[in-house]
Amino acid sequence: MSGNILEITGLTTRVSGYTILDDLYFSVEENELRVLLGPNGAGKTTLIDMISGRYKPTSGKILFENRDITGMAPHRIFKRGICRKFQVPNMYETLSVFDNVMISLAGHRLVVQSLFHKHTTADQDRVVEILEFIGLVEKAGFPADALSHGERQWLEMGMLIAADPKLLLLDEPTTGMTEADKQKTAELIQRIAERHTVLLVEHDMHVVRRLGNFVTVLHQGGILAEGLLADVVANEEVRQVYLGQGKFSGA
Amino acid sequence: MTTASAELGRARFTLRREPMFPLWSIFGVAAVVAILATYPLYGTEYVMNLLGMFVCFSIFALSISLIWGFAGILSLGQAIYFGMGAYFIALSLKLSYAAENPTRYGGTIPDYMEWNGLTEVPAIMAPLMHIEVAIVCLLFFPTLLAFIFGVITFKRHIYGVYCAVITLAEALILQEFIIEYQAYTGGFNGITDYETYNNMYFLWVILAVAVLLFGTSRLLTHSRIGTVLKSVRDNDVRAEFNGYEVANYRIFVFCFASMMAAIAGGLYAAWMGIVSHLDTGPILSIEGVIWAAVGGRATVIGPFIGTFLVKGAEFFLSQQLAWAWQLVMGLLFIFVVKFMPEGIMGTIGKSIAMGRQRRAYAESQDAYQSGPMAVVARLRAAFTDGNRGFMDNLLGRSGRRD
């Protein structure tokens, strides 16, 4: 196989009669920043759910680094090196910002390890580094629920970086942000992508234009188009289903 | 990212973390323990009885606090484990008491067994006569039951309300079981009339165990595993996707708390001299939940304060204010739930921590924006921190132009 870190073949998901993903073939190369586009209900989040192990697919195979991870439990998939961000910021609300990141640091996941683990200065430095990176170092001692929406999104990204995964799945990290915060987030993602493989679901075309190099457009559970952003945007079909060029404009 | 920026981070922000055992808390605990331990020397026996009982109940409430407040598992059947511990010890004491004090009819088996037509102690119970065996059983079997329960429920992602209902049902089943098999358990009347350990020395034993378990709990909840448990409580989905096998953590804390409840039950049986089906049932379980909630379920000291306050008020008010004490208790609960949802200690602790954090934040902002060290830090960062513009660092701007 080529340098594909993620290889999905024939992935199908049906939920009570509805086909969410329909015989999907999809792959991501190592060290790539791939943007996943698609209108509501196209199956973007479902795809992320399948890869990260939240739900099991009806059929099909998901290979990560050429190893089958289809239908594995989330914590096992995490161990292989995949970490996801949720659409709605998802963190440990009452823990401090510092602890949120600390708990996400790579390694030490077993009960026995947690029981006897002592935090080293190196761990602490790493957490401070990450907090610097996401710009929350001054708020390290605050509980996560005292943060603003944008800050919460960044904190969750910081938690992902702390886990140092091989593949990051970012599900609409700019949802509900102001324009300014969106730009900050885009910058963050850009810097994360320098070191990690990133699969990003994004709606906001400004952010996509800034980040997107290679994009995949999902539509009704299948891939509609894939390629360089400029090409995809120019694609007539994509324009029709997604970019708001009215279907009946020619009529 | 450079190490310099990490250093800068440390300079700008020093993490305020409470020590594991703050000095004032050590002195506080020592003072309280000293008062309780010497009470029998100058106090009445009646109050001494109550104190020993309250401490046992406090340990029980602490076990509820551990699973509910710290790990988010609401069990309405924690008294199962308390009761199991109590029955092991009561049975053991009763068996050895009966062996030495023949009944009216000359038997050397517990009186209730005789009434129910048994002629000798069932073989399976006989070893319990030795208190050592009973203690080992007390430590082992409740933990085993908790483990089995944990594997069945938590591994299948059953928790929250469902878990509460299942544990409640469990408590009812055990209660029925005890009443039904009265030849072995003493049935509705329970086990009584055995040699009790109701003196100052045993009060010291109870206190020592309480302090030990208190310390262990504090250690547990304020180390890495405590943070993981809290994260599981806050957001188990996130924890799962963060690589933690949530079920294992739940099983661990559930087993630990159950063992603790069993120990409390054992002490209680030896102290009180009577154990009945009520000590395993849902009422005691829910009372325990209330004690933990009033004191502060996500604190280690809270359950002790909650138990002493609620239980103490119960005894005091039922004497002084016989006509209205239940009304007063009800108002107390409403007050706590309404105005202190985190419990007494939880609310106090939270406001202290938040104030400290706000001050630290304000200080760090001041120190960063003025003062000689800030200039040095900025200069150094200006040359070393490549992530931001030189001038941004120098002027302390965020550097992100929006």
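Is Q220(A) buried, exposed or partly exposed? I took that as my opening question. I kept in mind that this is a predicted model.

**Entry 1: Q220(A)**

I counted 15 C-beta neighbours inside 10 Å, so Q220(A) goes down as partly exposed. A buried residue would need 20 or more, and an exposed one 12 or fewer. I then looked up where Q220(A) sits. It lies in the loop between strand 9 (214-219) and strand 10 (222-228) of chain A. Its phi is positive, about 50°, although Q220(A) is not a glycine.

**Entry 2: D193(B)**

I checked chain B for a positive phi as well. D193(B) is not a glycine, and its phi is near 60°. I found D193(B) in the loop between strand 1 (191-192) and helix 9 of chain B. It has 16 C-beta neighbours inside 10 Å, so I noted D193(B) as partly exposed.

**Entry 3: chain A as a whole**

I listed the secondary structure of chain A: 10 helices and 10 strands. Of the 251 residues, 49% count as buried. Next I turned to contacts in chain A with a separation of 6 or more. Residues 24 or more positions apart account for 66% of them.

**Entry 4: helix 3 of chain A**

How many residues of helix 3 of chain A are buried? I found eight of the eight, so this helix (residues 97-104) is largely enclosed by the rest of the structure. Among the buried residues are V97(A), F98(A), D99(A) and N100(A). What do they pack against? I noted helix 5 (121-134) and helix 6 (149-163) of chain A, together with helix 10 (224-234) of chain B.

**Entry 5: where the chains touch**

I looked at the contact between the chains. Chain A puts in 38 residues and chain B puts in 35. On the chain A side, the elements giving two or more residues are helix 2 (74-80), helix 3, helix 4 (111-116), helix 5 and helix 7 (179-193). Helix 5 of chain A gives the most, with six residues. I sorted the chain A side by class: 17 nonpolar, 10 polar and 11 charged.

**Entry 6: helices 2 and 9 of chain B**

I followed helix 2 (residues 23-42) of chain B to its packing with helix 9 (residues 200-221) of chain B. Their axes are 8 Å apart, at an angle of about 160°. That makes the two helices roughly antiparallel. I recorded the crossing as right-handed. Helix 2 of chain B brings V29(B), V33(B), L36(B), A37(B) and P40(B) to the contact. Helix 9 of chain B brings M200(B), L203(B), W204(B), L207(B) and V211(B). By class I have 10 nonpolar, no polar and no charged residues here.

**Entry 7: helices 6 and 12 of chain B**

I ended with helix 6 (residues 131-153) and helix 12 (residues 246-272) of chain B. They pack at about 145°, with axes 8 Å apart. This crossing is right-handed. From helix 6 of chain B, the residues in contact include L138(B), L139(B) and P142(B). From helix 12 of chain B, they include R250(B), I251(B) and F254(B). The contact divides into 11 nonpolar, four polar and one charged.

Definitions and conventions:
Residues are numbered from 1 along each chain as its sequence is written. Chains are lettered from A and ligands numbered from 1 in the order in which they are written. This is a predicted model: local features need pLDDT of at least 70, side-chain atom pairs count only at pLDDT 80 or more; totals for chains, interfaces and linings use all residues. Helices (H or I, at least four residues) and strands (E, at least two) are DSSP runs, numbered from the N terminus. Two residues are in contact if their C-beta atoms, placed from the backbone, lie within 7 Å. Ala, Val, Leu, Ile, Met, Phe, Trp, Tyr, Cys and Pro count as nonpolar, Asp, Glu, Lys and Arg as charged, and the others, Gly among them, as polar. Axes are lines fitted to C-alpha atoms, for helices over the stretch in contact, and angles run from 0 to 180 degrees between N-to-C directions. Angles under 35 degrees count as roughly parallel, over 145 as roughly antiparallel, 65 to 115 as roughly perpendicular and the rest as oblique. A crossing is left-handed if the near helix is turned anticlockwise from the far one by less than a right angle, and right-handed if clockwise.
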